[in-house]
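Notebook open, model loaded. I'm picking one residue and following it wherever it leads.

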Amino acid sequence: MPEIVEVDPLTRIEGMGKIKVEIKDNRLQDLKFQVTVAPRFFEYLLTGKRAEEAPRLTQRICGICYVSHHLVSVKAIEDAWGVEPTETAVKLRRLMNAGGYVTSHSLHSAFLAVPDLAGLPAEGRNFIALMGKYPEIGKAALKIHAYGNKVVQATGGRIVQVVTSVPGGQTLQLKEQRRDELLEEGREVLELIKAYAEFVFDIYEKDTLSCSQFPDVDTNFMALVNGPDSHYDVYDGDARIISGSGKELAKFNPSKYYNYIQEAVWSHSSTKVPYYKPEGASGNLRVGPLARLNVASRMPFPVAREYEERYLKLFPRTCLQVQGFNLARIPELIAGQEEVLQMLEDPGITGDDIRVPVKSRGGEGAAFIEAPRGILTHHYVIDDQGLIRYANIMAPTTYNHPLIQQDLFENAKIYAPELADPAKRAEACWRLEKIVRCYDPCTSCSVHMVDFDLIVNGSMVEVKEV
C-alpha cells in the first residue's frame with residue numbers, strides 16, 4: 001500500500017489548499033494539488049442582477065484581488081454596452097489598479113515569499129523573523145504596503161471593497177490637495193521600493209541555486225500586451241499567448257477569448273481549469289508575473305526597466321523556472337509605483353470630466369485585466385432590461401492550477417525518499433510549499449460555479465453551470 005503524505009493546510013497563501021502525495025518504495029506514485037475552498041457560485045449569484053451592480057458584487061470574491069475584479073467587471077459591462085469612459089476616468093482607474101499592485105506585490109513578496117529565501121531558521125520562516133533579522137527591510141515593506149492602500153482609498157472610496165468604478169467612468173474625483181500629498185509620499189516610497197528590490201536581488205544574485213532550484217516545466221504563457229511592439233501593460237491591451245520556446249501562438253482581443261480558451265473541471269479540486277483551445281486539455285496556460293515578463297517586449301517605466309534587465313540576466317526569456325515568479329514581482333512592484341507617480345503627475349488626473357451618461361441595454365461583453373496573479377476574465381450577457389443572464393469568471397489561479405500541480409509533481413519525484421522519511425519529511429514538505437507560494441495562488445478567486453444537484457421538496461433539481 002502506498003504511504004499518503006499530506007501538506008494540509010498550505011500556509012502563507014490566500015484561502016485554503018493542500019497537497020496529497022502517494023509514495024511507495026521511496027518512489028512517487030501520485031500527487032494532487034487540491035483547492036479545498038468550497039464553490040462560491042458568484043456567476044449564479046450575478047444572474048438576474050442589474051449589470052451595474054456587478055462591479056460591487058464581484059469584488060466580494062476576494063479581499064486581496066478586489067480592485068482587479070471591480071475594474072474588469074466594469075470594463076466587461078462597458079464592452080457589452082459600447083461605452084467609452086472619459087480619459088480622466090481611465091487615468092483614475094489605472095491609478096487605482098497600480099495602487100493595487102503595490103499593495104498586493106509587497107504583501108506577497110515581503111510577507112509570504114521572501115521569508116522562504118532569506119536564510120531564516122526552519123522554525124522562523126515568517127515575516128516576524130524577517131523583520132527581526134532585517135528590521136529596515138521589514139519597516140520598508142510595511143510602509144510600501146500601506147501606501148498602496150492609500151492610493152486605492154483615494155481612487156476607490158475606501159481601502160477594501162472599492163465603490164467608485166461605474167459604467168461610463170468614475171464617481172469620485174481626485175482633489176488637488178490629495179494628489180499632492182500622495183505624490184510627495186509616493187516619491188519617498190519609490191526609494192523604499194528600490195531599497196527593498198536591492199535586498200531581494202542580492203539574495204538571488206549571491207545564490208545562483210535560487211535561479212535553478214526546481215526542474216523547468218515547459219508550458220505556454222499568456223499575458224496582456226499593448227501597442228505595436230507588444231509592450232507590458234496590466235490594465236488594457238490584447239492577450240498574447242506564446243509557447244515555452246517563445247513562439248507566438250495567438251494574439252487576440254479579450255472580447256473574443258472563447259475562441260482561444262476552453263474550460264474543464266477536475267474531480268479532485270474545486271477549481272475550473274482553463275486551457276488553450278487549439279491544443280486541447282494539454283494546452284496549459286501559465287499566467288502572472290513570470291508570464292508577463294516572458295510575453296511582453298519591455299516595461300515602459302525607466303526604473304522598472306533597469307530591474308527588468310537585471311532580472312533577465314538571471315531568468316532569460318523564455319523562462320520556465322518557477323523561482324522566476326518571486327523575482328519577477330520586483331520589477332513589477334517598481335512598475336506599479338512608477339505608474340502611480342506617472343498618473344499623479346498627469347495634470348488631467350484631477351479633472352472633473354470623470355463620467356459620461358450611460359443607459360443600460362442588452363448586450364454581451366468580456367474583458368481582461370492583469371490582476372497581480374495573472375489574467376482575470378469577466379464575461380457577461382445582459383438582456384434588454386439591463387439584467388445579467390449569463391456570467392463567467394476565470395481567475396488567474398484557475399489557469400495556474402494545472403501548472404502548480406505539474407511543478408509539484410516533478411519536484412516530488414526528486415524529494416520522494418525524503419517525503420517517505422519521517423525525519424526528513426518536514427523539510428521536503430516545506431520545499432513543496434515554496435513552489436505553491438511562488439505562484440501566490442488566490443484560491444478563493446478560483447472557485448466559482450460548478451454543476452450540483454439540489455433537493456427541493458423531495459424533487460431533484462439540476463442546476464447547470466451558467
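Predicted model: local features only at pLDDT ≥ 70, side-chain atom pairs only at ≥ 80, totals over all residues.

Started with Glu332, which I found in helix 10 (residues 324–345); helices here are DSSP runs of H or I with at least four residues, numbered from the N terminus. Residues are numbered from 1 along each chain as its sequence is written, and side-chain values use heavy atoms, with hydrogens and water left out.

Buried or exposed? I looked up Glu332: it counts as buried because its relative accessibility is 1% (buried is under 20% relative accessible area, with a 1.4 Å probe and protein chains only).

Next, neighbours. Skipping residues up to four places away in sequence, I get Glu332 touching Tyr101, His105, Tyr232, Pro289, Arg292, Leu293 and Met299 (contact means heavy atoms within 4.5 Å). I also checked Pro372: 40 residues from Glu332 in sequence, 9.0 Å from it C-alpha to C-alpha.

Then cavities (sets of points on a 1 Å grid over the protein atoms alone where a 1.4 Å probe fits but cannot get out; lining residues have an atom within 4 Å of a point). I count 3 of 30 Å³ or more, a volume being the space filled by probe spheres set on the points. The largest cavity comes to about 50 Å³.

Glu332 turns up again in the lining of the largest cavity, with Ala98, Tyr101, Tyr232, Val234, Phe301, Ala335, Gly336 and Glu339. Helix 10 gives the largest share, 4 residues; helix 4 (87–113) and helix 10 each supply at least two.

Terms used
Buried < 20%, exposed > 50% of the residue type's maximum accessible area, 1.4 Å probe, protein only. 1 Å grid on protein atoms, 1.4 Å probe; cavity = no way out; pocket = protein on both sides within 12 Å on 5 of 7 lines; lining within 4 Å.
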